[in-house]
Amino acid sequence: MKKHLTVFLTATSLFLVFVNANAQKLDKNLIRYCQNLTTAMDEISNERKETLREIGDYLASELKNDNAANLVIICTHNSRRSHIAQLWVQTAATYYGIKGINTFSGGLEVTAFNPNAIAALKRAGYSISNVQVSDNPVYTVSDGVNKTISYSKKYSDRQNPREDFGAVMVCSEADESCPLVAGASERFSLPYEDPRYYDGTASQDVKYDETVREIALEMLFLVDYVKKKQIVQLEAVRQ
C-alpha cells in the first residue's frame with residue numbers, strides 16, 4: 001500500500017508540475033483571472049456542479065478511450081454565451097494541462113459574434129483581432145497559447161464535428177428548440193442568463209463581465225474535475 005501511495009504521489013506531483021508549466025504559457029492577465037476563480041468554486045450550486053460532473057465524466061471517458069474529446073457549445077444565435085464557453089473550456093484545459101479536449105461552438109441560426117461579448121473577453125485577458133469585416137465578422141481569439149477562429153455559425157457548420165461530440169446547450173431557448181442534436185453522442189443542458197437584455201444600458205459592461213466570470217468559473221470547475229478523474233485513472237493503472 002505504501003509503495004502504491006508513493007507512486008501515486010509521484011505521478012500526481014509530475015502532473016501538477018505539467019499543469020503549472022502549461023498555465024504559465026497563458027496570457028498573464030488570464031493566469032491571474034484563473035487563479036482568482038480557483039478559490040471561488042463554492043459559489044457554484046450543487047445542481048450546477050452535478051451537471052458539470054456529468055459533462056466531465058463524458059470528457060474523461062472520451063479522453064481515456066480515444067485520447068480526444070469533442071465538445072460543441074450551442075446557443076440560439078452563437079453570438080455570446082456559446083463563444084464565451086467555448087473559449088473558456090479551451091483556456092481551462094491549458095491551465096490544468098489537459099490535452100485532447102477540442103472545443104467548438106454553434107447556434108440554431110447565424111447572427112454575429114457580439115461586440116459586447118468581445119469587449120468583456122478582452123477585459124478578462126483575451127486578445128481578439130478582426131480578420132474579416134462583414135455582417136458576420138471573423139475574429140482571431142488568443143489566450144496566449146490557443147488561437148481560435150471565431151464567427152457566428154450553425155452548430156452543423158463545416159468547422160464543427162458532425163458526429164462523436166458532446167453537445168452543451170447554454171441557453172434555454174436552444175435547449176427547448178433543439179431537443180435532439182444530430183450527431184451528438186451526449187447532450188447536456190447548462191443554460192446561462194443572456195446578457196443581451198442589458199445591451200445599451202448603464203449595467204451593460206457589468207453584466208457582460210459577470211457572464212464571462214460565471215462561465216469561466218464553471219468551465220474551470222469542469223476541467224479541474226476531468227484532471228482529478230485522470231489522476232485517479234492513472235493511479236488505478238499503476239496498482
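This is a predicted model: local features need pLDDT of at least 70, side-chain atom pairs count only at pLDDT 80 or more; totals for chains, interfaces and linings use all residues.
Residues are numbered from 1 along each chain as its sequence is written, and side-chain values use heavy atoms, with hydrogens and water left out.

The protein chain contains seven helices and seven strands; these are DSSP runs numbered from the N terminus, with helices being H or I of at least four residues and strands being E of at least two. Along the sequence, the elements follow the order α-α-α-β-α-β-α-β-β-β-β-α-β-α. The radius of gyration of the protein chain is 18 Å, in agreement with the value near 18 Å for a compact globule of 239 residues. That radius is taken over C-alpha atoms, and the globule rule is 2.2 Å times the number of residues to the power 0.38. Taken along the principal axes, the box filled by the C-alpha atoms is roughly 60 × 40 × 35 Å.

Of the 239 residues in the protein chain, 52% are buried. A residue is termed buried under 20% relative accessible area, exposed over 50%, and partly exposed in between, with a 1.4 Å probe and protein chains only. The accessible surface amounts to about 11800 Å², and carbon and sulfur atoms account for 49% of this area. These areas come from the Shrake-Rupley method with a 1.4 Å probe, and for residues only the protein chains shown count as cover. Among contacts between residues at least 6 apart in sequence, 70% link residues at least 24 apart, where contact means heavy atoms within 4.5 Å. Charged side chains comprise 27 positive and 29 negative groups, and the centres of the two sets are 8 Å apart. In this count Lys and Arg are positive and Asp and Glu negative, while His and the chain ends are not counted; each charge is placed at NZ of Lys, CZ of Arg, CG of Asp or CD of Glu.

In soluble globular proteins, nonpolar side chains tend to be buried together. The largest nonpolar core in this model has 68 residues, and those with the most contacts inside it are Leu59, Trp88, Leu121 and Met219. Helix 7 (residues 204-238) gives the most to this core, contributing eleven residues. Such a core is a set of buried Ala, Val, Leu, Ile, Met, Phe, Trp, Tyr and Cys residues joined through side-chain atoms within 4.5 Å. Apart from residues up to four places away in sequence, Leu121 touches Ile84, Leu87, Trp88, Phe113, Tyr126, Ile128 and Val212.

Ala21, in helix 1 (residues 2-23), is partly exposed because its relative accessibility is 40%. The C-alpha atoms of Ala21 and Gly97 are 8.0 Å apart, although the two residues are separated by 76 residues in sequence. Arg32 belongs to helix 2 (residues 28-37) and, at 42% relative accessibility, is also partly exposed. A C-alpha distance of 9.5 Å separates Arg32 from Ala124, 92 residues away in sequence.

Leu108 occupies the loop between strand 2 (101-107) and helix 5 (115-124). With a relative accessible area of 26%, Leu108 is partly exposed. Beyond its neighbours within four places in sequence, Leu108 contacts Ile74, Cys75, Thr76, Lys154, Tyr155, Ala174, Ser177 and Cys178. For Ser177, the C-alpha distance to Leu108 is 8.6 Å across 69 residues of sequence.

The loop between strand 5 (147-150) and strand 6 (165-169) holds Arg162, which is exposed at 55% relative accessibility. Leaving out residues up to four places away in sequence, Arg162 touches Ser156, Asp157, Ala182 and Gly183.

Most residues other than glycine have a negative phi. Asp164, however, has a positive phi near 55°. Asn67 likewise has a positive phi, of about 65°, although it is not a glycine. Asn67 lies in the loop between helix 3 (46-66) and strand 1 (69-75), and its relative accessible area of 63% makes Asn67 exposed.
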